[in-house]
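Subject: Structure handover

Hello,

Here is the structure I said I would pass on. My notes on it follow below.

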Amino acid sequence: MFAATLAGGRAGRQRRNLSRRAALSATMDAPCYDCLVIGGGPAGLTAAIYLTRFHLSIKVVDAGKSRASLIPCTHNHAGYPDGISGAELVARMTAQAQKYGAEIVTGRVTRLDRIDGGFRAEWGEGSVLAHTVLLATGVTNRRPPMDEILHDEALAKGLIRYCPICDGYEVTDKKIGVIGSGGRGVAEAAFLRGFTEDVTLIAPDKAHDLDAADRARLEAFGIRAVDGPCQAVAAHEGCIVVDTAEGHYTFDSVYPALGSDTHVELALQVGATLKDGVLVVDSHQRSSVPGLYAAGDVVLGLDQISHAMGEGGVAATAIRNDLARERPILRERLSGSIAAKA
């Protein structure tokens, strides 16, 4: 009796799920994808590779702002002993996803709505329907006070760096400046002290406001503290010059420790839960909104390519399995899918 009731309940849920999916597809003339991936960095592209290889129909909308693409050369990513540029890595991942059928377009999604059975996303080229959405929108680093063109030139030369975990090794025994203050700035300067004994902490916009514990830590680590305001004024082939309230300082590299802004606008539009400015997800990258997943720095700003890729793989697998709970994913039933028709 119990088994029959359970089977009947499961069959009823499957009929309701199929009905919702059919209703979603009928909402607009546009096709309905199994998953819309928003963001084409390491997290989003890893998920795209997994999802297409699961024989699911997906679309990736990428604004072209991936921080990974700005990395001149990473030596910290496993498998590339001679290093690889961020742009080349992203290009390879894009080609790999497209090889298996991922549809990748350039655009910035400006609106995300929940509708019956899934989501509708809108951007400059129109709108798209999807049963699930993966947010891999990342973060934007807060830049130090300096000319934008000068910043980009310095970044390309390794004179400005944003991730001491990634490339602290490259500044071993070099003269390093950290632009920041408070606990965040002190923590980054102390971390870099493990790579070089020559570290200077520069306040970005005014005199340092450090408590006794922070000042004691700087003294114990032999880190100089220089008051702001500061501005990077020149970038040469092998050094960068920073103007401060205490005069000019020349460094081999500068690390801004000014924090970052997480791209959670779309998550807020559909009511997803945030904590400390980042999306809350479970161990399978599911957000508080059914059908909405997130991976990469929009979840945890660790600034690690490998970590973002891992979360992308976890999210993609969860998406596939969650869709399979709504309707069986059987190869013969994919004959009418978007991917099969392409």
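Which strands does helix 4 lie across, and at about what angle does it run to strand 11? The model is predicted. In it, helix 4 (residues 148-156) lies across strand 11 and strand 12 and runs at about 60° to strand 11.

Those two strands belong to an open sheet of three, ordered 11-12-13, with antiparallel pairing. Strand 11 (231-235) and strand 13 (247-251) are the edge strands, each of them pairing on one side only. On average, neighbouring strands of this sheet are turned by 25° against each other, direction ignored. Five bridges connect strand 12 (residues 240-244) with strand 13 in the antiparallel sense. Valine 241, for instance, has threonine 250 in strand 13 as its bridge partner.

There is also an open sheet of four strands with parallel pairing, in the order 10-9-8-14. Strand 10 (224-226) and strand 14 stand at its edges with a single partner strand each, so one side of each has no neighbour in the sheet. The twist from one strand to the next averages 25°. Helix 6 packs on this sheet and touches strand 8, strand 9 and strand 14, its direction making about 160° with that of strand 8.

Strand 8 (residues 176-179) deserves a separate look. Both of its faces are covered: Ile176 and Val178 on one side are buried, as are Gly177 and Ile179 on the other. Strand 8 pairs in the parallel sense with strand 9 (residues 199-202) over four bridges, and isoleucine 176 has valine 199 in strand 9 as its bridge partner. Four bridges also join strand 8 to strand 14 (residues 253-256), and these two run parallel. Here glycine 177 stands opposite valine 254, and valine 178 opposite tyrosine 255. Strand 8, helix 6 (residues 182-192) and strand 9 together make a right-handed β-α-β unit.

Aspartate 214, in helix 7 (residues 212-221), is buried yet has no salt bridge. The nearest side chain of opposite charge is that of arginine 217, 5.7 Å away, whereas a salt bridge needs the nitrogen within 4 Å of a carboxyl oxygen. Apart from its neighbours within four places in sequence, aspartate 214 is in contact with Gly182, Gly183 and Val186.

The salt bridges come to 13 by count. One of them joins arginine 67 to aspartate 297, with the closest N and O atoms 2.3 Å apart. Arginine 67 lies in the loop between strand 2 (58-62) and helix 3 (86-99), and aspartate 297 in the loop between strand 18 (292-294) and helix 9 (305-326), so the pair ties together parts that are 230 residues apart in sequence. Arginine 67 is partly exposed at 22% relative accessibility, while aspartate 297 is buried at 14%.

Another salt bridge, between glutamate 88 and arginine 92, has its closest N and O atoms 2.8 Å apart. These residues are four apart in helix 3, and therefore about one helical turn separates them. Glutamate 88 is partly exposed at 36%, and so is arginine 92 at 43%.

Aspartate 198 and arginine 224 also meet in a salt bridge, at 2.6 Å from N to O. This pair links distant parts of the chain, 26 residues apart: aspartate 198 is in the loop between helix 6 and strand 9, and arginine 224 is in strand 10.

Regards

Notes
Residues numbered from 1 in each chain as written. Predicted model: local features only at pLDDT ≥ 70, side-chain atom pairs only at ≥ 80, totals over all residues. Heavy atoms only, no water. Pairing = 2+ DSSP bridges. Axes fitted to C-alpha atoms, helices over the stretch in contact; angles between N-to-C directions. Contact = heavy atoms within 4.5 Å. Buried < 20%, exposed > 50% of the residue type's maximum accessible area, 1.4 Å probe, protein only. Right-handed = clockwise from strand over helix to strand, strands pointing away. Lys, Arg positive; Asp, Glu negative; His and termini not counted.
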